[in-house]
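Here is a quick tour for anyone meeting this structure for the first time. Take a look at it below, and then we'll walk through some of its details.

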Amino acid sequence: MSEYRILKRPLLTPVTLFFGVLAVIGLILLAKRFIFGLGSVTNLNDGYPWGIWVVYDIMIGTAFACGGYALALTVYIFNRGQYHPLVRPALLASLFGYGLGGLSAVIDMGRYWNAWQIINPWQQNFNAVMLEVALCITAYVTILIIEFLPAVLERFKLETWRRRLDRVLFIFIAIGVVLPTMHQSSLGSLLILFGQKVHPLWQAVEFLPLLALVSAVTMGFAIVIFEASLVSLKLTREPETHLFAGLGRIARWLLVAFLAFRFIDLTRRDAWGYAFDGSFEAFMFWAETALFILPVILLFRESRPVHSPGMGRGPILFLSGVCVLLAGALYRINGVLVGFNPGPGFHYFPSVEELLVTLGVIAMEVVGYLLVIKLFPVLPKPHPEIDHGKSAATSQAPAAQA
Amino acid sequence: MPKDDSLDRIAERLGLSRRAFLKFCTGVAATLGLSSQAGVAMAQAVAASRRPSVIWLSAQECTGCTESLLRATHPTLETLILDMISLDYSETLMVAAGHDAEVARHAAMKENHGKYVVVVDGSIPTKDGGIYCKVAGKTMQEHLYEAAEGAAAIIAIGSCASWGGVPASGPNPTGAVPVSEIIKDKPVINIPGCPPNPYNFLATVMQLITYGTVPELDKENRPKFAYGRLIHENCERRPHFDAGRFATEFGDEGHRKGWCLYKLGCKGPETYANCPAIEFGDVGGGAWPVGVGAPCFGCTEKGVGFTKPLHEQAKVATHTPPDMFPPVHPDVGQGVTPGAAALVGAVAGAILGGTAVTVRELGRMEKQAHDEHDASA
């Protein structure tokens, strides 16, 4: 008996249509990019070879897609079975995030027809962080597909295959926890290689992999809260706060850890002066830091009794989730674009078409997600009890049952 | 090289090793642009021949040229005047004074007739019969005619003797003229400069002593080895000129950073001299006017030094800089466009609005669920 269900809703809704149109615009512009080259669509130049596509679609996109990773860590490594109902929707979001992230890497490649050389052993440079990221993400997308397979097998009632898969699934789950740990930290390491081009407020050198990893895991928890809140509000009309309230308690400590690492690093590099020099970078630093601190305050307030005045638990969790996602996104944008100075004379701001492609990629994820949850058993089954965090599924859900 | 006692003797007299003496001569040969063989020849010439007689006449001058020579270290002035030449008359350096000095000069001119070298520093006054500069009751013009008559070579040292210099610049109350305008029947070698680099003078003298010849001269009678190229061509600040980085004011950012002094009136682009190549004072490290941030004022160039205003821009003899330089860091890439800004703003607005609405609705839904829960309980 599965703890997941297929959402019985019409496939075509105004929301699907709206995001569908955005996705189509993105696809048309992508066709233009592949026919006329990168320069016809993007504002990229020799000083800024990485634009919004790398920063959003790959760096932020895969961090947003860390929901599956964060939950796998919680459920399978720390053995918190009560969160198991949330695993499958998170995996689906991760699959879309990573799949489109990998695709974006190819889109952003000037000579994309050489992309296959990544898996060609005699063309591999084992000193390259990029190679690690590329191989790791490719492998992780495959792992995510395998992890999501049970939902497909359930849908088509292939019980024999389902049981066979269950016997080996733990191997893939284990790999699925290792891989994001590797490439999410490597995405931070890429900034080390930028060296002096990165503003001192973000050039944390040895701390970069750690900061990238901790922020990515936190964003993973945030996206689960964000996504589950929206689904419960817009699609099921059943509060799921009891399922993910505990995730907020984990996220707040991760946020504290992130901020601690961030401040320790700024202190050890004597970089605090840059935060007060009145520059645009300093402003962006404080905007980003405020977005990191706000959810810490909100999440520590959240643990007060439910009936206290003010916002309820659900809204607080949702708001915190949004803040964490924006903070993590801003941290990445700041490091790679705002605080990036390739030398005098170079400018970059994404072009309208470039932004529309990014919006198109987001739209594809939303449409894909909405379609899949209506076709496959992904969403958790409604629970009779409301607002009782640990009651749900405490005794069930060993790893093999994913 | 044949074993020659004379080299040992002169080396001993100079208090030098034979090796050091040969090294010095080779160094002078190198200054002249000659081979090391010439250095050996020079050493033998210095050692063997009778020291040539030199008569140094000082006209309207400031003694700066002599002072400059005093600062030479290879050779030092005493080596020059005691061992290489016989300085028979010099108002600054000779011990004798008054009638004794005059006697020495006349004796030297008589004894070395047709062989001695006349060196003149300072310009010659001509107004009112040249009465503005007199020595021993005679005007400088008379002295010059007298000395030039039996001279093997005449060297005009310094800007005053070469072009008239300070005394000849307007309003020129003494009617000062350069040596070459008094002595028309013999070639006058000009070693201009204020003061000239002592090595340009010494190298010319050494060639005269060694080979009895005059170095190749340009059309202004300056030795080409020293005055063959523009200061501009060898200037260490030249790259700044080509890149369009100019100091525009004394003490401004460009001046402090060692940029080109052209816009401060540096005359390097129209002045021929080897200053940037050999510098001054034997200390190295850019010890010459432009090197220490003072624009060249063109002392070695006729019609430039003491004539052109100090801060007037030079007439560049080679390539003039363009009025507009391409930027060092050309603008690459596209900044924010109104469309992109609008789109980013719209997305930010959608996120903010969407979050606000969702927060409110979530609260409402939660409250509703609670109420139902309480009611059922």
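This is a predicted model: local features need pLDDT of at least 70, side-chain atom pairs count only at pLDDT 80 or more; totals for chains, interfaces and linings use all residues.

## A helix in chain A

Let's start inside chain A, where the buried residues of H1(A) pack against helix H4 (87–107) and helix H11 (352–375). Which residues of H1(A) are the buried ones? They are Phe19(A), Ala23(A), Gly26(A), Leu29(A) and Arg33(A). If you're wondering about the spacing in that list, here is a handy rule: an α-helix has 3.6 residues a turn, so residues three or four places apart point the same way.

Helix H1 of chain A covers residues 14–36, which is 23 residues. Just after H1(A) comes Gly37(A), with a positive phi of about 95°.

For chain B, the mean pLDDT is 86, and 97% of the residues reach 70 or more.

## Chain B at a glance

Now over to chain B, which has 17 helices and nine strands. Of its 377 residues, 41% count as buried. Take the contacts in chain B between residues at least 6 apart in sequence: 69% of them join residues at least 24 apart.

## Where the chains meet

Most residues other than glycine have a negative phi, and most peptide bonds are trans. With that in mind, a few places in chain B are worth a look. The peptide bond from Gly170(B) to Pro171(B) is cis, with omega near 5°. Pro171(B) sits in the loop between helix H9 (165–168) and strand E8 (176–177) of chain B. Asn172(B) is in the loop between H9 and E8 as well, and it has a positive phi of about 50° although it is not a glycine. Is Asn172(B) buried, exposed or partly exposed? It has 16 other C-beta atoms within 10 Å, so it counts as partly exposed.

Another cis peptide bond joins Cys194(B) and Pro195(B), and its omega is about -5°. You'll find Pro195(B) in the loop between strand E9 (188–191) and helix H11 (198–211) of chain B. Then there's Asp128(B), a non-glycine residue with a positive phi of about 50°. Asp128(B) belongs to the loop between strand E4 (124–125) and strand E5 (134–135) of chain B. Asp128(B) counts as exposed because it has 10 C-beta neighbours inside 10 Å.

## One last loop

Finally, have a look at Glu249(B), in the loop between helix H14 (238–243) and helix H15 (253–256) of chain B. Glu249(B) has 10 other C-beta atoms within 10 Å, so it is exposed. What separates the C-alpha atoms of Glu249(B) and Leu261(B)? The two residues are twelve residues apart along the chain, and the separation of their C-alpha atoms is 9.1 Å.

Technical notes
Residues are numbered from 1 along each chain as its sequence is written. Chains are lettered from A and ligands numbered from 1 in the order in which they are written. Helices (H or I, at least four residues) and strands (E, at least two) are DSSP runs, numbered from the N terminus. A residue is buried if 20 or more other C-beta atoms lie within 10 Å of its own, exposed if 12 or fewer, and partly exposed in between; C-beta atoms are placed from the backbone. The expected span of a helix is 1.5 Å times one less than its number of residues. Two residues are in contact if their C-beta atoms, placed from the backbone, lie within 7 Å. pLDDT is the predictor's confidence in each residue, from 0 to 100.
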